[in-house]
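Please look at the sequence and the model before reading on.

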Amino acid sequence: WLLPEDFGVFGMALLSLGLAEGLTFLGMSEALIQRPAPSREEWDTAWTAQALRGAALFLGISLAAPLLGGFFGHPALAGLLPVLAVSFLFRGLVHVEVAAFSRDLKFQKEFVLRVSGTLAQVAAGTGWAMVSRTPWALAAGYLAGDLVRLVVSHLLCPARPCFRFSPGAFRGLFRFGKWVLGLKLVGLLANQGDDLLVGKLLGAEALGYYGLAWALSSLPITDVVQILTRVAVPLYARLQPEQDRVRRAFLELLQGTALLVFPLCAMIFLAGEDFTRVFLGDKWAPLVPILELLALFNVLRAGTLATHPLFLGAGGAALPAGLFLFEFLGMVLLAFPLARVWGVMGVAWAAVL
């Protein structure tokens with residue numbers, strides 16, 4: 001129902017939100033996961049800091065929206081961004097104790113939280129697209145998903161957080177979080193630098209093809225890697241003194257990731273053309289070669305990302321941050337010349353290489 005340019009404009013908005021979120025990352029959840037028994041004061045401080053950050057991001061994006069629209073050459077972003085920035089308010093109020101689900105192996109709650117938001121996003125986005133075939137349909141789904149996750153998080157966590165800020169507790173949590181912040185920033189550049197290049201150099205339509213191809217090709221690893229990271233980091237932290245058990249745990253998790261991800265990526269590679277023709281239509285035909293190439297990219301990416309929880313669990317973010325930085329610089333150096341020759345496919349090849 002929506003045109004590639006609609007997805008491209010929405011992708012530019014998400015890229016702006018993602019950069020703002022990454023630049024202000026606090027690492028509170030990661031720090032709490034590392035602690036065996038956080039105090040009530042630490043939980044409340046983390047939740048208060050998270051809520052204040054969400055409000056600040058909402059105001060910042062709303063004020064910067066016209067500038068971002070000018071940067072990408074799409075004035076429509078000036079109206080879309082303040083609406084999407086409401087998601088920062090929702091995320092800021094999500095119950096902070098959801099961070100403990102993976103640490104305490106409460107996978108059922110983790111599953112309910114994720115799936116409820118995803119279903120709400122798909123239902124709201126699809127319903128709105130049937131009425132209004134514009135990027136606002138994607139925005140409706142995006143906000144609905146975050147709102148439902150907010151509500152479900154408080155239903156799943158019995159304790160009620162309160163606005164309380166302890167400078168001492170914040171410093172203790174941020175002492176670990178600041179290292180995760182560095183990793184987050186460099187990882188953001190590595191993961192979204194190609195989107196930024198496509199949107200700036202090639203325009204909204206090209207970003208629409210590339211963004212949707214990226215979303216479809218990364219479906220097998222997005223949730224797998226996120227859950228792996230949330231579960232494996234505290235696991236490795238507990239096993240640190242026993243190096244043999246750390247090795248065995250890493251190899252088992254790596255094998256499990258490969259067993260899940262590789263067949264799914266192969267399925268996307270083989271069925272991408274038929275899926276595009278049946279569900280998206282002929283106007284999306286240029287997406288097919290990009291989708292097939294990025295399916296290969298995500299096979300490589302799954303193996304790389306499986307190593308990051310090992311380093312984080314051992315308390316060190318320097319090595320994965322360095323790997324992300326190396327990946328980003330290599331991609332940028334390759335993307336500029338390849339994009340001039342092969343357009344969007346050139347950027348996709350740069351990501352793979």
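Predicted model: local features only at pLDDT ≥ 70, side-chain atom pairs only at ≥ 80, totals over all residues.

Residues are numbered from 1 along each chain as its sequence is written, and side-chain values use heavy atoms, with hydrogens and water left out.

**Overall fold**

The protein contains 16 helices and 0 strands, where helices (H or I, at least four residues) and strands (E, at least two) are DSSP runs numbered from the N terminus. Its C-alpha trace spans about 55 × 45 × 35 Å along the principal axes. The radius of gyration of the protein is 20 Å, which agrees with the value near 20 Å that a compact globule of 353 residues would have; this radius is taken over C-alpha atoms, and the globule rule is 2.2 Å times the number of residues to the power 0.38. Of the 353 residues, 48% are buried, a term that means under 20% relative accessible area, with exposed meaning over 50% and partly exposed lying in between (1.4 Å probe, protein chains only). Among contacts with a separation of 6 or more, 81% join residues 24 or more positions apart, a contact being heavy atoms within 4.5 Å.

**Cavities and pockets**

Rolling a probe the size of a water molecule over the atoms shows where empty space is left. On a 1 Å grid over the protein atoms alone, a cavity is a set of points where a 1.4 Å probe fits but cannot get out, while a pocket is an open set with protein on both sides within 12 Å along at least five of seven lines, and lining residues have an atom within 4 Å of a point. Grid points are joined across faces, edges and corners, and a volume is the space filled by probe spheres set on the points.

The structure holds 2 cavities of 30 Å³ or more. The lining of the largest cavity consists of Ala 190, Asn 191, Asp 194, Trp 214, Phe 297, Glu 327, Met 331 and Ala 351. Helix H9 (167-202) and helix H15 (318-342) are the elements that give two or more residues to this lining. The second largest pocket is lined by 17 residues, of which Thr 304, Glu 327, Ala 351, Val 352 and Leu 353 lie nearest its centre, and helix H13 (287-305), H15 and helix H16 (344-352) each supply at least two of its lining residues.

| Space | Volume | Element giving the most to the lining |
|---|---|---|
| Largest cavity | about 60 Å³ | H9, 3 residues |
| Second largest pocket | about 310 Å³ | H15, 7 residues |

**Cysteines and a helix position**

A search of the whole structure finds 0 disulfides, a disulfide being a pair of cysteine sulfur atoms within 2.5 Å. The sulfur of Cys 162 is too far for a bond, because the closest cysteine sulfur, in Cys 157, is 15 Å away. Cys 157 counts as buried at 2% relative accessibility, whereas Cys 162 counts as partly exposed at 35%.

Ala 55 lies in helix H3 (residues 40-72) and is partly exposed, with a relative accessible area of 31%. Ala 55 and Leu 89 are 34 residues apart in sequence, yet 5.7 Å apart in space, C-alpha to C-alpha.
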